[in-house]
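Below are some comments on the structure you sent. They are set out as numbered points, with the record's annotations kept apart from what the coordinates give.

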Amino acid sequence: MEGEIKNLINVWSSIIASLCYSYFVSSSIPKGKYRLLSLLPIFYLFTILPLYLSSAFNTALITFFITWLANFKLLLFSFGHGPLAWSKPKSLLLFISIASLPIKIKSDPSPQNPRSPKKVPLNLAAEILVFGILTTLWYDFKERIHPKLLLVLYCFLVFLMIDILIAFSNAIVRALLGLELEPPSDEPYLSTSLQDFWGRRWNLMVTNILRHTVYKPVRSTLAAFVSNDPALLAAVLATFLVSGLMHELLFYNVTRAAPSWEMTWFFVIHGMCVAVELAAKRALAGRWRLPWFVAGPLTVGFVVATSFWLFFPPIVRNGADVKVMEEFRYFALFLKTKLRF
């Protein structure tokens, strides 16, 4: 444990030093190809940093926060776009926080989103409690739980883990800088379509970053050669493909096993289904839609069923699930031992 903590400290020290360079040096270079060139060493460093860690959880965390999100934010920053490109200079602490954590500052913190009022509120304390109960169930009854029920358990754990991680990041930044931040998710279990799930409810930080780094550039580029509808559908497919490849990289870093590409196919299939859904909505033009009590279970059921088929099997097959869960137990015991003294 002590060795991994030292590795983690070294990794975060490298991240902070790299972001200081980006803030002081790269930001002074005009946006465009020269700023991009100045950031190429940072892109490379952020890509290999997870390989210096042995913990599955820490490796996944750094891959998600830094290799994926921070690199994509810096790519946007290269061209004067994204959350790091400001019209007026901001503090170094804010730059580092936004670059290294999965957070998004609210553009208008006063009004609440009228689109979907909270119906099943889950606060952070409740999520942590439920997460603790589910992990205890896993530790105590894993061998006696049916494999399909175990996958259902993993669906809940993945949702709670991502929500808790991003909520903690929001809490840290809110405490340090007093900023009002976007929530990590917007009740994805209430989604009534795949477009609603992926575009408006699930893991909103990733959705926002992919929208600006993949969807919008691909759509605007293709719009110069084809009509709007094909450009839109191709941009959707490209966005899901990139998301799949980044998930594949994340789990390669965790398992060090050759990719099976099942995870990529999971996102490609969802991208194709979202494209079909968008085309159907445009063809019907609001003349007919499924009632919410039918569309909701169908949407969530499709996400869960396809995750059983393609998303979770490579995780379970390579033992990443067991490794992460055992790390949680070891960390809890480590903390308990330290707090006694």
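1. Helices here are DSSP runs of H or I with at least four residues, strands are runs of E with at least two, and both are numbered from the N terminus. The model is a predicted one. Residues 6-24 come out as 100% helix and 0% strand, with 27 Å between the end C-alpha atoms.

2. Both spans carry an annotation. The unreviewed UniProt entry gives the feature "transmembrane region" at residues 6-24, 36-53, 59-79, 119-139, 151-173, 231-251 and 292-312. These positions come from the record, and such annotations may be inferred rather than shown by experiment.

3. The UniProt entry, again unreviewed, also places "domain: Wax synthase" at residues 185-267. In the model this stretch is 73% helix and 0% strand, and its end C-alpha atoms lie 18 Å apart. Residue F267 is part of helix 10, and F267 counts as buried because its relative accessibility is 3%. From F267 to A285 the separation is 18 residues in sequence and 26 Å in space, C-alpha to C-alpha.

4. How many salt bridges does a search of the whole structure find? The count is 5. Side chains of opposite charge can pair when their charged atoms come close. The bridge between D196 and R200 has an N to O distance of 3.8 Å, which can be set against the 4 Å cut-off for a salt bridge. Both residues sit in helix 7 (residues 194-201), 4 residues apart, or about one turn of the helix. D196 also meets R201 in a salt bridge, at 3.0 Å from N to O.

5. With a relative accessible area of 4%, D196 is buried. R201 is likewise classed as buried, at 6% relative accessibility, whereas R200 is partly exposed at 35%.

6. A further salt bridge joins E262 and R317, whose closest N and O atoms are 2.3 Å apart. This pair links distant parts of the chain, since E262 belongs to helix 10 (residues 262-284) and R317 to helix 11 (residues 292-317), 55 residues apart. E262 has a relative accessible area of 17% and is therefore buried, the limit being under 20%.

7. Which kind of aromatic pair do F131 and F328 form? The whole-structure search returns 22 aromatic pairs. The pair of F131 and F328 is edge-to-face, with 5.7 Å from centre to centre and 75 degrees between the planes. It connects distant parts of the chain, with F131 in helix 5 and F328 in helix 12 (residues 320-340), 197 residues apart. F131 and F328 are both buried.

8. Another pair is made by F311 and F312: the ring centres are 5.3 Å apart and the planes meet at 85 degrees, so this pair is edge-to-face, the cut-off for that class being over 60 degrees. F311 is buried at 11% relative accessible area, and F312 is buried at 5%.

9. F311 and F312 belong to one aromatic cluster, together with Y154, F159, Y189, F197, W198, W202, F240, F251, F266 and F267. F267, as noted in point 3, lies in helix 10.

10. R35 lies over the face of F77, 4.6 Å from the ring centre.

11. On the surface, L129, I133, L137 and F141 make up a nonpolar patch with about 360 Å² of accessible area together. Is I133, one of its members, buried, partly exposed or exposed? I133 counts as partly exposed because its relative accessibility is 46%. I133 lies in helix 5, which covers residues 124-141. F131 is in helix 5 as well, but F131 is buried.

Methods. Residues are numbered from 1 along each chain as its sequence is written. This is a predicted model: local features need pLDDT of at least 70, side-chain atom pairs count only at pLDDT 80 or more; totals for chains, interfaces and linings use all residues. Side-chain values use heavy atoms; hydrogens and water are left out. Patches are made of residues with over 30% relative accessible area and no salt bridge: like charges are joined within 9 Å, nonpolar side chains (Val, Leu, Ile, Met, Phe, Trp, Tyr) within 5 Å. Accessible areas come from the Shrake-Rupley method with a 1.4 Å probe; for residues, only the protein chains shown count as cover. A salt bridge is a side-chain nitrogen of Lys or Arg within 4 Å of a carboxyl oxygen of Asp or Glu. Buried means under 20% relative accessible area, exposed over 50%, partly exposed in between (1.4 Å probe, protein chains only). Rings of Phe, Tyr and Trp (its six-membered ring) pair if their centres lie within 6.5 Å; planes under 30 degrees apart count as stacked, over 60 as edge-to-face and the rest as tilted. A charge sits over a ring if NZ of Lys or CZ of Arg is within 6 Å of the ring centre and within 35 degrees of the ring normal.
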